[in-house]
Amino acid sequence: MANIDSGFLQIGRMDTLAQGKTWLHRLDPRAKLIAVSVFIVTVVSFDKYTLSALIPFFVFPAILVGAGGLPVRFLMARVLMVAPFAFFIGIFNPLLDRQTFFQMGTIAVSGGWISFGSIMIRFVLTITTVLALIALSGFNGVCLAMEKLGAPKPFVVQLLFLYRYLFVLTDEAIRMVRARSLRAFHSKTMGIKTFASLVGHLLLRALDRAQRIHLAMCCRGFDGRVPMIKPMGLDWKAVAFTVGWCGLFILLRFYNLPLKLGALVTGWVG
Amino acid sequence: MHMADALVSPAVGGLMWAVSAGLIGYSSKKIKEESDDRKIPLMGVMGAFVFATQMINFTIPATGSSGHLGGGMVLAILLGPHAAFLTMVSVLMVQAMFFADGGLLALGCNVFNLGFFPCFIAYPLIYRKIVGNQASRGRMVTAALIAAVMGLQMGAFSVVLQTVCSGITELPFAPFMLLMQPIHLAIGIVEGLATAALILFIWKARPEIMLAAAEKRPLGKISITKVALGILATTLVTGGLLSWFASSKPDGLEWAMFNTAGLEELHNRDQALHAFLDDLQGKTAILPDYGFKSTAEAPKNEESPNWPAVDPATSLAGLVGGVLTLLASIIIGLALRRRKTQELE
């Protein structure tokens with residue numbers, strides 16, 4: 001997990017991005033959530049030696065990022081930050097699977113390298129779309145979409161609470177960590193005793209805060225629902241977005257576009 | 001130890017989603033039945049607390065490395081299993097969406113590994129049993145330590161199972177497990193110590209919180225048989241359904257079993273299953289000509305002795321076409337961005 005300051009900045013940045021005004025931001029979050037889910041399932045459903053058939057799928061994140069005006073460098077940095085896990089699990093493939101898969105001139109490419117490449121492509125595809133989904137809909141938008149799609153109410157309501165208080169508590173935690181750091185001459189080491197008391201105090205404050213919030217909510221007539229100002233109505237744009245993208249994904253799942261295109265081009269050249 | 005989308009197959013991811021969704025529904029129902037309206041804001045704030053705490057690292061003595069709190073066990077102790085499970089799901093969701101830790105499809109796996117085991121297994125079956133009815137300092141510390149270690153061990157084992165069943169990586173079951181379990185034993189001990197230290201602090205500072213958490217247990221009694229039966233039922237139903245459309249590679253587990261155990265018998269069954277699924281797929285496929293196995297790139301798994309001789313021309317075509325399509329995607333993205341900035345100007 002990231003260091004607390006950068007982690008906080010990152011959530012803030014994602015939240016700011018979600019305030020954008022492009023048509024993708026305005027689109028019903030349900031449409032985006034469904035399209036992204038179908039996208040991920042389609043991408044991971046390919047055989048493990050698939051490379052070229054996965055490439056056309058880049059069009060979806062490219063359009064989301066392009067039309068949504070999202071910062072490419074920021075998203076790429078996020079992708080790189082979480083890459084190690086997939087990389088270290090995937091890098092065993094070239095070591096374990098050494099059968100030659102195909103010969104390219106004098107270079108023999110083993111099956112392990114192909115499947116490793118496939119894992120990394122899947123990784124970049126799935127991560128960028130999820131990040132784009134949040135940057136285009138905001139966390140609240142995704143939560144509401146989930147509720148409309150049938151997620152249980154208590155779950156969604158506490159999720160909204162979590163998101164609301166994430167900023168407050170992280171801010172509080174940052175202050176405590178900074179205070180300790182200043183008193184410890186910026187020492188990087190924090191013993192478990194200090195940790196327990198620091199986190200313990202944070203917990204006590206959090207519990208007190210939860211109680212105050214609850215009382216305040218009762219005063220304002222909380223009945224277990226969080227009302228939303230932005231209404232969500234299904235319009236033709238959202239339907240067209242969902243149906244169009246899902247159709248394309250399924251088409252690309254069964255039809256290897258790059259292979260046909262490449263055959264056409266190499267056919268010309270040859 | 002977050003699973004990533006790139007490493008799960010749709011069958012495994014879908015199955016874990018179904019199981020996790022079932023548990024979310026079950027826990028939500030329990031929370032609603034409890035009708036304690038303090039609980040929902042409490043869960044939200046506690047989730048935010050766990051999230052914030054996970055970013056604070058402490059130093060592990062004598063190693064120079066650092067650890068942080070996992071949170072599942074603390075939540076279970078303070079909130080009870082159902083509320084803790086829902087809170088853990090939310091924390092994992094925020095991590096998946098903002099930090100890209102794991103992914104949407106793998107979220108089901110992560111919820112199961114990091115939420116189900118600590119909340120529904122380690123807490124009621126280990127922590128509660130050790131603490132018993134009279135909460136004391138020593139008991140709570142021991143219980144928190146053991147429960148955190150065991151919860152993480154089960155989670156790590158589950159990661160191994162999910163990865164091997166997905167069959168995306170080449171990692172065989174036994175070595176992968178031997179790699180994962182000791183690493184997570186170390187992580188578990190560190191996490192257990194942090195959990196115990198935190199519990200101890202609360203016990204000293206505000207014992208009434210711990211006492212209340214230990215006492216009010218209308219929710220402490222969860223019927224494990226019910227949960228287990230539910231999981232079994234979902235597994236059977238979704239497993240059956242998903243293996244249909246995931247028939248392009250239904251053999252992750254069998255493959256792993258064959259490779260690690262070398263059992264010929266299993267292999268034969270594998271073949272039989274394959275034949276059956278191929279037959280089924282042939283009958284149900286909408287576009288038989290574009291079937292999964294007809295593409296030159298997808299090697300047939302039935303070839304045990306030799307690799308299929310892939311036509312180099314097809315490979316070249318795949319490579320050239322891939323590069324062209326990638327360029328096209330990037331150009332479309334850039335064009336849309338340019339149009340947008342022009343509009344703004």
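The contact between the two chains takes 98 residues from chain B and 108 residues from chain A, where two residues are in contact if their C-beta atoms, placed from the backbone, lie within 7 Å. This is a predicted model, in which local features need pLDDT of at least 70, side-chain atom pairs count only at pLDDT 80 or more, and totals for chains, interfaces and linings use all residues. Residues are numbered from 1 along each chain as its sequence is written, and chains are lettered from A in the order in which they are written.

**Side of chain B that touches chain A**

- The elements of chain B that give two or more residues to this side are α1 (10-34), α2 (39-53), β1 (58-59), α4 (81-98), α7 (173-205) and α12 (312-344); helices (H or I, at least four residues) and strands (E, at least two) are DSSP runs, numbered from the N terminus.
- With 21 residues, α12(B) gives the most.
- By class, this side has 60 nonpolar, 27 polar and eleven charged residues. Nonpolar covers Ala, Val, Leu, Ile, Met, Phe, Trp, Tyr, Cys and Pro, charged covers Asp, Glu, Lys and Arg, and the others, Gly among them, are polar.

**α2 and α3 of chain B**

- α2(B) packs against helix α3 (residues 72-79) of chain B at an angle of about 155 degrees, with the axes 11 Å apart. Axes are lines fitted to C-alpha atoms, for helices over the stretch in contact, and angles run from 0 to 180 degrees between N-to-C directions.
- That angle makes α2(B) roughly antiparallel to α3(B) (over 145 degrees).
- α2(B) passes α3(B) in a right-handed crossing, meaning that the near helix is turned clockwise from the far one by less than a right angle.
- Met43(B), Met46(B) and Val50(B) of α2(B) make the contact with Leu75(B), Leu78(B) and Leu79(B) of α3(B). These residues divide into six nonpolar, no polar and no charged.

**α4 and α5 of chain B**

- α4(B) and helix α5 (residues 107-131) of chain B also pack at about 155 degrees, with their axes 9 Å apart.
- α4(B) is therefore roughly antiparallel to α5(B).
- The crossing of α4(B) past α5(B) is right-handed.
- Residues of α4(B) in this contact include Phe85(B), Met88(B) and Leu92(B), and those of α5(B) include Leu114(B), Cys119(B) and Phe120(B). The contact has 15 nonpolar, two polar and no charged residues.

**α3 of chain A**

- The 16 residues of helix α3 (residues 29-44) of chain A should span 22 Å at 1.5 Å a residue, which agrees with the 23 Å between its end C-alpha atoms. The expected span is 1.5 Å times one less than the number of residues.
- In α3(A), 13 of 16 residues are buried (20 or more other C-beta atoms within 10 Å of the residue's own, with C-beta atoms placed from the backbone).

Terms used: Buried ≥ 20, exposed ≤ 12 C-beta atoms within 10 Å, placed from the backbone. Parallel < 35°, antiparallel > 145°, perpendicular 65-115°, else oblique.
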